[in-house]
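Please look at how charged side chains pair up in the model shown below. The briefing follows a few of these pairs, with the cut-offs given along the way.

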Amino acid sequence: MHPIPLPEQKETIRHGEAAFPLQKYTTTLTPGENAVFAHWHEEAEFTLVREGSCLYQIQLEDYTVRAGDLVFLPPAILHAITVPKERMRSDTYVFHMHFLGADSRDICSIRYLIPLMKQELIPPFLISKGHPAYEEALNLFHEIDGAWREQSPGFELVIRARLLSLLAVLLPHCRESTQLSELRTEHSQKIKAALEYIAAHYAEDLSIADVATACYFSEYHFMRFFKRCTGISCGDYIKSLRLEKAAEHFAAGEQAILDVALSVGFHNLSYFYRAFRKKYGMTPKQFIQQSR
C-alpha cells in the first residue's frame with residue numbers, strides 16, 4: 001500500500017533513487033479510512049484507478065474519478081483524495097521531471113518540461129474514457145507498467161520514452177496558466193501558505209488563531225475557508241499531522257511514548273492515547289510492537 005502522504009504542504013518522501021527518480025505505488029483506500037490529505041511535491045505523478053471510485057481535489061477543484069480513469073499531476077499541484085462510498089485501488093508512478101531531462105537546456109526542456117514544472121502549462125488532470133487522449137495515454141500506462149514489472153535490460157529507457165510520449169500526447173490539450181481562475185489560484189496559494197505554517201509549527205503550542213494570523217485571516221473566516229477548501233477542519237488537520245508524525249517516530253524505533261507525544265505537540269498523554277487509537281485502530285504500544 002502506498003504510504004499515505006503526510007498532511008504537510010510539501011511532501012518530503014524521496015521517490016526512487018537519485019539516479020532513477022521514479023517509483024511505483026499501489027494505493028488502497030476504503031470509506032472511513034484516512035484520506036490522502038492536501039499536499040504537493042516536486043515530482044509529477046501518473047495514476048490509473050484500477051477499481052472503485054474516489055474524489056480527487058486538485059487545485060481546490062473536485063474531480064470524480066472512476067475505475068479505468070487516468071490522473072496526471074505535474075509538479076507542485078495541490079491535491080487530495082477522499083473515498084466517499086466504495087473501496088478504491090490505484091497504481092501510481094511518481095517521477096521527477098529531471099528524469100525526463102527538465103534540468104537540461106534543450107528545446108524540449110525550455111518549451112515544454114519547464115513550463116509544466118512552473119505551472120505555465122496546465123495539462124488535463126483527469127483523463128477519462130471519451131477524452132481524445134485517453135486511449136493513447138492508457139496504452140502508455142500499460143507499457144510503463146509492463147516495463148516496470150519485467151525490468152529487462154534497458155527498461156529505464158523504455159519508461160522514460162513512454163513518459164515523454166505521454167507529455168506529447170497531452171500537450172495539445174494543455175491550457176496556459178492565464179486561463180485558470182485567478183480566484184481559485186489565489187485560494188490555492190493561501191491554503192499552501194496555511195499548510196506550510198502548520199508544517200513548520202505543529203510541534204509547538206499551535207492554535208488556529210496563530211495559523212489564521214499568519215495567513216492574514218480573521219480566525220472565523222479562516223476556519224470556514226480552510227474547511228471549505230480541504231474538507232477537514234484546521235484543528236483536525238493539525239491533530240492528524242501530529243499523530244502521523246508520532247507514528248513515524250514509532251516506526252523509526254522510538255519507544256518512549258511520552259517523549260514522542262510531547263515532541264509532536266501533545267501535552268495530554270491520555271488524549272494522545274485516545275486519538276492515536278482512534279486513528280490507527282491500536283494503542284501506541286501495539287503500534288510499536290507491530291512496527292518491529
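K24 counts as partly exposed, at 22% relative accessibility, where partly exposed lies between buried, which is under 20% relative accessible area, and exposed, which is over 50% (1.4 Å probe, protein chains only). This is a predicted model, in which local features need pLDDT of at least 70 and side-chain atom pairs count only at pLDDT 80 or more, while totals for chains, interfaces and linings use all residues. Residues are numbered from 1 along each chain as its sequence is written, and side-chain values use heavy atoms, with hydrogens and water left out.

**Pairs that involve D91**
- D91 is buried, at 5% relative accessibility, and forms a salt bridge (a side-chain nitrogen of Lys or Arg within 4 Å of a carboxyl oxygen of Asp or Glu) with R50, the closest N and O atoms being 2.9 Å apart.
- Because D91 lies in strand β8 and R50 in strand β3 (residues 44–51), this pair ties together parts 41 residues apart in sequence; strands (E, at least two residues) and helices (H or I, at least four) are DSSP runs numbered from the N terminus.
- K24 also forms a salt bridge with D91, with 3.9 Å between the closest N and O atoms.
- K24 lies in strand β1 (residues 22–29) and D91 in strand β8 (residues 88–95), so their pair ties together parts 67 residues apart in sequence.

**Pair of R50 and D145**
- R50 is partly exposed, with a relative accessible area of 28%, whereas D145 is buried, at 6%.
- D145 forms a salt bridge with R50, the closest N and O atoms being 3.0 Å apart.
- This pair links distant parts of the chain, with D145 in helix α2 (residues 134–150) and R50 in strand β3, 95 residues apart.

**Network and count**
- Salt bridges that share partners join K24, R50, D91, D145 and R149 into one network.
- The count comes to 10 salt bridges.
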